[in-house]
Structure formats: structure tokens, C-alpha cells
Amino acid sequence: MVQKVEFSGDHLDMLKELMNIAVGNATASIADLLQTFGKMHIPQITISDMEGLDAHIKESIPESQRCYVTKQLFGGLFGGEFLFVISEESALNLGNYLYAESKPSEGDIYDAVIELTNILSATIISRLTEELHTKVQFFVPSTEVVEGNCLINQEDLLNYHRIIIISTYMEFQTQNIEGKVFILTKDEMIERLKGLIDHKLEELYA
């Protein structure tokens with residue numbers, strides 16, 4: 001039987017505060033890449049089971065949308081999976097903008113999406129873990145084109161039990177580029193994250 005890890009209001013408030021800092025860093029890094037102003041919305045944090053995750057994603061991603069989905073695992077004392085979802089239209093605009101091509105090739109679009117994902121994951125996760133005084137290792141990301149909003153495969157549904165969903169929304173209106181970020185962590189990693197936040201709270205209120 002899987003033991004549920006409960007987060008107190010203090011734990012969630014601290015995680016939200018740290019994520020706001022991390023997302024602010026990511027916004028600045030993406031603005032440098034695109035040489036324009038953009039914004040990322042305040043992250044939403046939810047503790048759920050896998051059915052809740054599936055419902056959350058289906059509420060966030062239109063069923064009719066064709067999108068590029070990049071997944072990147074990260075591990076260490078704290079670990080999980082970083083998901084970046086960008087619509088086909090936004091991915092085309094991104095490739096067009098970065099490569100100055102009216103019709104970027106499929107390879108250019110994949111490269112642009114992976115480059116953007118690497119910056120997002122590196123800045124958000126690295127800043128979050130830096131604040132928690134730990135380090136993580138990033139694994140090679142993979143990108144695929146998905147029809148609709150079925151982003152979670154059957155294997156994940158069987159292996160995950162309890163999960164933290166951190167989601168935010170990136171928007172660069174001038175270039176018509178927008179995307180969604182999901183950070184998923186599960187089971188024993190939730191317990192470790194709670195411990196890291198406990199140390200952070202002790203550090204702040206000692």
C-alpha cells in the first residue's frame with residue numbers, strides 16, 4: 001500500500017514561492033532567446049493521483065489540437081519529469097522566428113522546440129533545486145508530435161500512484177508562440193521534496 005504524503009499549507013506556500021522565482025528566471029531566459037517581451041503565468045500546483053493528472057491535462061490541452069510534446073527526465077535527491085507542450089501552430093511560428101524561414105523544415109521545428117525546452121527545464125528546475133540546496137541531472141529529452149491530449153501512456157498510469165503537478169503557461173504574443181509546462185514528480189520523490197522544503201523552512205525561520 002502506498003503511503004500518502006501530505007503537504008501542509010506552509011509546504012505548498014513555500015513551493016509556490018520557489019516556483020515563482022524559478023519561472024521568473026525562465027521568462028527572462030526565453031525573452032533573451034526570442035529577443036522580445038513575454039510572460040509566464042503564476043504556476044498552479046496540485047497534488048493528485050494519475051486520474052487527476054489525466055483530467056488536468058485534458059482540461060489544459062484541447063482534444064482537437066496537434067502538438068509537439070517534449071519529455072525530459074531529471075534525477076537526483078529530487079527527480080521527476082518535465083513536459084513541454086506547444087501547439088503545431090506555435091511550433092511553426094517558433095521555427096520561423098528562430099531560423100528566419102517562412103517555411104521551416106520539420107527538422108528545424110524539432111530543433112527549435114527542443115532548444116526552447118532545454119532552456120525552460122534548465123532554468124526552472126535548476127533554480128528550484130538551487131533554492132532547495134540540491135542538484136539534479138538532466139537526461140536527453142525526446143520530442144514527438146501528438147494528436148489530441150493523450151499525453152500520459154498506460155505504463156505511467158500503472159507505475160505512478162501519487163503525483164505533484166506543477167503547471168504554467170508561457171505566452172509571447174508578438175510571435176504568436178505559447179506553450180504549457182508540466183512538472184511531474186511522484187511517490188518517494190514527493191517525500192524527498194517535502195524534506196527539502198522542511199530544511200528550507202527551518203533555514204528561513206531559524
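I call a residue buried under 20% relative accessible area, exposed over 50%, and partly exposed in between, using a 1.4 Å probe and protein chains only. The model is predicted, so I take local features only at pLDDT of at least 70 and side-chain atom pairs only at pLDDT 80 or more, while totals for chains, interfaces and linings use all residues. Residues are numbered from 1 along each chain as its sequence is written, and side-chain values use heavy atoms, with hydrogens and water left out.

**Entry 1: positive phi**

I looked up His133 first. His133 is exposed, with a relative accessible area of 57%. Its phi is positive, about 60°, although His133 is not a glycine. His133 lies in the loop between helix 4 (106–131) and strand 5 (136–138). Here helices (H or I, at least four residues) and strands (E, at least two) are DSSP runs, numbered from the N terminus.

Then I turned to Gln35. Gln35 has a positive phi of about 55° and is not a glycine either. I find Gln35 in the loop between helix 1 and strand 1 (39–40). Gln35 is exposed at 64% relative accessible area.

**Entry 2: helix 1 on helix 6**

I checked how helix 1 (residues 9–34) packs with helix 6 (residues 187–205): the angle is about 85° and the axes are 10 Å apart. Axes are lines fitted to C-alpha atoms, for helices over the stretch in contact, and angles run from 0 to 180 degrees between N-to-C directions. That makes helix 1 roughly perpendicular to helix 6, a label for 65 to 115 degrees.

On the helix 1 side I list Asp10, His11, Met14, Leu15 and Leu18. They meet Leu193, Lys194, Ile197, Asp198, Lys200, Leu201 and Leu204 in helix 6. Contact means heavy atoms within 4.5 Å.

**Entry 3: helix 2**

I asked which residues of helix 2 (residues 50–60) are buried. They are Met50, Leu53, His56 and Ile57. These cover an arc of only 115° around the axis, which puts them on the same side of helix 2. The arc is that of the directions from the helix axis to the C-beta atoms. The face turned away from the buried side carries the exposed residues Glu51 and Glu59. At the start of helix 2, I see a side-chain oxygen of Asp49 within 2.8 Å of the backbone nitrogen of Gly52.

**Entry 4: Thr46**

I placed Thr46 in strand 2 (residues 44–49). Thr46 counts as partly exposed, at 32% relative accessibility. Leaving aside neighbours within four places in sequence, Thr46 is in contact with Ile163, Ile164 and Ile165.

Technical notes: Polar contact = N/O pair within 3.5 Å; in protein donor to acceptor, adjacent residues only side chain to side chain. Parallel < 35°, antiparallel > 145°, perpendicular 65-115°, else oblique.
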